[in-house]
Amino acid sequence: VNFRLREYEYQTNMLRRGIACIVPIRLFPMFTWQELEHLICGVADVDVEMLQNQTKYVGGVQPTDIHITFFWDVLSNEFTAADRTQFLKFVWGRERMSSVEEGVNVFQIGPHVRSVNSGNPDMWLPVAHTCFFSLDLPAYSSREITKSKLLFAMNNCNAIDADDDGEGHANMALEVT
């Protein structure tokens, strides 16, 4: 019986030690298990407003550009919580955001260079760079196209670190109708 009671003691102590790096053990009684989960694991649903506040626009992209307005509207109002989680995984390789605005996880949105030169941005998929938490977003002509291209890319172009290989190049040039 004693063996069964202590068989996971080592693993439990290591887990406790790891959690103590985030939240001091003496503070545990102050929180419910849900609050501790929130502090340790982050927010289960993507806080779009916080993400928007942590966004840096690069390469001439402005927050007032119409395709950026479409993007934020789709993310906020048309995506489900599961879609937003999948989006975060697509652009960052993580499924949860930090529970606080740290300023260290700056999301970047830049131009999709190939689509700018093509003359028809609607035929291109967005490109995510998970290592840099950034998105190259084509200047889509409508909210519907923005939504469909994002959903397709999020669900079908999910090879992390494929930016500079054949798969990444193929995904960038993939035409979806």
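Which residues have the most contacts inside the largest nonpolar core? They are Leu-51, Phe-71, Trp-72, Phe-87, Val-91, Phe-107 and Leu-135, and the core they belong to has 29 residues. Keep in mind that you're looking at a predicted model. Here's a quick tour, starting with the sheet and working out to the helices.

**The sheet**
- Four strands make up an open sheet, in the order E1-E2-E4-E3, and the pairing is mixed.
- On average, neighbouring strands here are turned by 20 degrees against each other, if you ignore direction.
- In general, strands of a sheet pair through backbone hydrogen bonds, and they can do that parallel or antiparallel.

**Following the bridges**
- E1 (residues 55–57) and E2 (residues 107–111) run parallel and are joined by three bridges.
- Two of the residue pairs to look for: Lys-56 sits opposite Gln-108 of E2, and Tyr-57 has Ile-109 of E2 as its bridge partner.
- On to the next pair: E2 is also parallel to E4 (residues 134–137), this time with four bridges.
- Ile-109 turns up again here, standing opposite Leu-135 in E4.

**Helices over the sheet**
- H5 lies across E1, E2 and E4, and runs at about 140 degrees to E2.
- H6 lies across E2, E3 and E4, at about 95 degrees to E4.

- Take Trp-72: leaving aside neighbours within four places in sequence, its contacts are Val-48, Leu-51, Gln-52, Thr-55, Tyr-57, Phe-107 and Ile-109.

**Where H6 meets H8**
- H6 (residues 81–92) packs against H8 (residues 143–156) at an angle of about 65 degrees, and the two axes are 9 Å apart.
- The crossing of H6 past H8 is left-handed.
- H6 brings Asp-83, Gln-86, Phe-87 and Phe-90 to this contact, while H8 brings Leu-150, Leu-151, Ala-153, Met-154 and Asn-155.
- Sorted by class, that contact has six nonpolar, two polar and one charged residues.

**A buried arginine**
- Arg-84 belongs to helix H6.
- Is Arg-84 buried or exposed? Its relative accessible area is 10%, and the cut-off for buried is under 20%, so Arg-84 counts as buried.
- Not counting residues up to four places away in sequence, Arg-84 touches Asp-45, Val-46, Val-48, Leu-75, Ser-76 and Phe-79.

Methods:
Residues are numbered from 1 along each chain as its sequence is written. This is a predicted model: local features need pLDDT of at least 70, side-chain atom pairs count only at pLDDT 80 or more; totals for chains, interfaces and linings use all residues. Side-chain values use heavy atoms; hydrogens and water are left out. Axes are lines fitted to C-alpha atoms, for helices over the stretch in contact, and angles run from 0 to 180 degrees between N-to-C directions. A crossing is left-handed if the near helix is turned anticlockwise from the far one by less than a right angle, and right-handed if clockwise. Contact means heavy atoms within 4.5 Å. Ala, Val, Leu, Ile, Met, Phe, Trp, Tyr, Cys and Pro count as nonpolar, Asp, Glu, Lys and Arg as charged, and the others, Gly among them, as polar. Two strands pair if DSSP finds at least two bridges between them. A nonpolar core is a set of buried Ala, Val, Leu, Ile, Met, Phe, Trp, Tyr and Cys residues joined through side-chain atoms within 4.5 Å. Buried means under 20% relative accessible area, exposed over 50%, partly exposed in between (1.4 Å probe, protein chains only).
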